Amino acid sequence: MARYILQRFFSALIALWVLITITFIMMHAVPGGPFATEKAVPEAILRNLEQKYGLDQPLPKQYIRYLGNVIRLDLGPSYKFKGQTVNDFIRREFPVSAEIGILSIILSLLVGIPAGVISAFRQNKWQDNAAMFVAIIGVSVPSFIVAPLLMYVLALKLHWLPAAMWGMTWKQAVMPVISLALLPLATFARLMRSSTLDVISQDYIKTARSKGLSELQVVWRHVMKNAIMPVVTYLGPLIAGILTGTFVIEQIFAIPGLGREYVWSVTNRDYTVLLGLTIFYGAFLLMMNLLVDIVYGFLDPRIQLTGHKE
Amino acid sequence: METLLSVKNLKTSFFTYAGEVKAVDGVSFDVGLGEAVAVVGESGCGKSVTAMSIQRLIPEPGKIMSGEVILAGRDLLKLREKEMQKVRGKDISMIFQDPMTSLNPVLTIGYQLMESVVRHENVDKAKARQRAIESLEMVRIPSPEKRLAQYPHQLSGGMRQRAMIAMALSCRPKLIIADEPTTSLDVTIQAQIIELLKELARETKTSIILITHNLGVVAGLADRVIVMYAGKIVEYGPVKEIYADPRHPYTWGLLKSVPRLDESDKQRLVPIYGQPPDLLKPPTGCRFHPRCDYAMKICQTEEPPYFTSDCCSTHLASCWLQHPAAPKVSAIPKAVTA
């Protein structure tokens, strides 16, 4: 187990290095720079700025220097916001993104899993049809359509919820959380339905029934642990994606989270912020995938986590 | 012999898009206390559906249409689902065909063993554990304490089937329904499992319904044999009678298609030609007549009643050849007499 985790850790480091390198190259391949604006900046000032941040150095040198900083967990200063570092951004904005993220993941699990299980047990009955109708909408309508629609109805027409004002009232979280939860909720429902259908046709469910267990005991003890696997698989990247901020939702609801920062860093050519957030997201994703694999081992005893033998 | 289970005119149908499939169509038989009854027949003849109907575990879109299943004086078909759950695993338990898939892969053997004990008998965890160990000892599994913490994939096929039997025995049921308990096992293991079932049934005086298409298994274990064809019982009698004096052409066919040790190598096995009938549109008259070498005119139109023979009233066959006016055909197939 420890050997396995160690192995995965090293392969994650390599993946991160590849990620950094590719992002670095692509970023610099795009014309323009952090200090290119519509207003003409005097040549001397521009040169000064570039010198200060080391942008006048040859690229390989910049790359080496950056890698060195990353190893020391220093993601560098922002080029656009004076006196602020990327680490500051993450410290300040990650909790905001994580808060909405955790809430929407909880919501999607609490609704999606039971919906999927009920659908499977009422296959082709109205409960199934209703749940799957909603699930198909959830999967196919993108959040940037759901969010403005919610806003239009709940905020502008009914005046039940505020459209923005993050941090002023808990009500502000309702719409972002719902629009963020819809896709994972629908996905969970569909995954859970198909895996439950698969599990309940298995022989061991017949065995469980023939032992005289009640339907609820059959579902809880024998179906759930087997059927939850695809959901766990999907949960890893989902947690990484949602907790590190979602570009669109945070933009629409004016939430000061990492996702919004990410979008801005692209338009601003804020090299260090863009790179830093990419690394942060990448590291988070790799960590979550490792966590999922470890959880597998607990859920299914047939999966054993062992390192390669030499 | 005292009767434990009495199935009367059981009818179970499946409602498919194509129409009603009468998988079990008027089956009646008794199982005595401590008796082992074998149900034999081709795939799809309604053996398993009969078993599942007794447990009332017919999956959708199946439905038990009519009949009675009387266990120790109670008609199980009239019980509410909650009461039926108390019968399953306690009075009647099942052993399934494939021990590879019949055990839950993510739960320990111990958990799956204790589950029904905890459910049906008011015992605490420690007592349930003790009972689980006893059950494993009964089926001769070595070091049972160690097995409790193991998962199904850590046991061999034979061990798993023993664990399944232990599970079925754990609440001391009155009746065990074994649905093809040896089909997916190696031949050597098959013999062990059958021997085990036989011994356990004798020790615990448990009745057994053995569902199989393996006539060798039948000969080794059963007291009585029910031969099913296309949802109906075609022949029914003590095991010795069925082997020594089979009456129904279908039974002849089954016996002729089994290799025998005491036959010369040159003896060819004779298959039963054709396919089992489509139960959406079962043949009129005797359901076996399209495949029967001895079919007469009446077989195509009239369903044969059960004829008893002169020798014993317990051996019945549903075949017009048993009618006093029917021509005498060479009733006993070569493979059996030789």
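This is a predicted model: local features need pLDDT of at least 70, side-chain atom pairs count only at pLDDT 80 or more; totals for chains, interfaces and linings use all residues.
Local features need pLDDT of at least 70 and side-chain atom pairs 80 or more, while totals for chains, interfaces and linings use all residues. Residues are numbered from 1 along each chain as its sequence is written, and chains are lettered from A in the order in which they are written.

**Exercise 1.** Find which element of chain B gives the most to the side that touches chain A.

*Solution.* Start with the contacts (C-beta atoms, placed from the backbone, within 7 Å): 24 residues of chain B meet 18 residues of chain A. Next, list the elements that give two or more residues: helix 2 (81-87), strand 6 (92-95) and helix 3 (109-120) of chain B. Helices here are DSSP runs of H or I with at least four residues, and strands are E runs with at least two. Helix 3 of chain B comes out ahead, with four residues.

**Exercise 2.** Describe how helix 8 and helix 9 of chain A cross.

*Solution.* First take the axes, lines fitted to C-alpha atoms over the stretch in contact, with angles from 0 to 180 degrees between N-to-C directions. Those of helix 8 (residues 203-210) and helix 9 (residues 215-227) of chain A come within 10 Å and cross at roughly 150°. Then look at the residues: A:Tyr204, A:Ile205, A:Ala208 and A:Arg209 meet A:Val218, A:His222 and A:Val223.

**Exercise 3.** Work out which residues B:Ala38 contacts beyond its neighbours within four places in sequence.

Note on methods:
Two residues are in contact if their C-beta atoms, placed from the backbone, lie within 7 Å.
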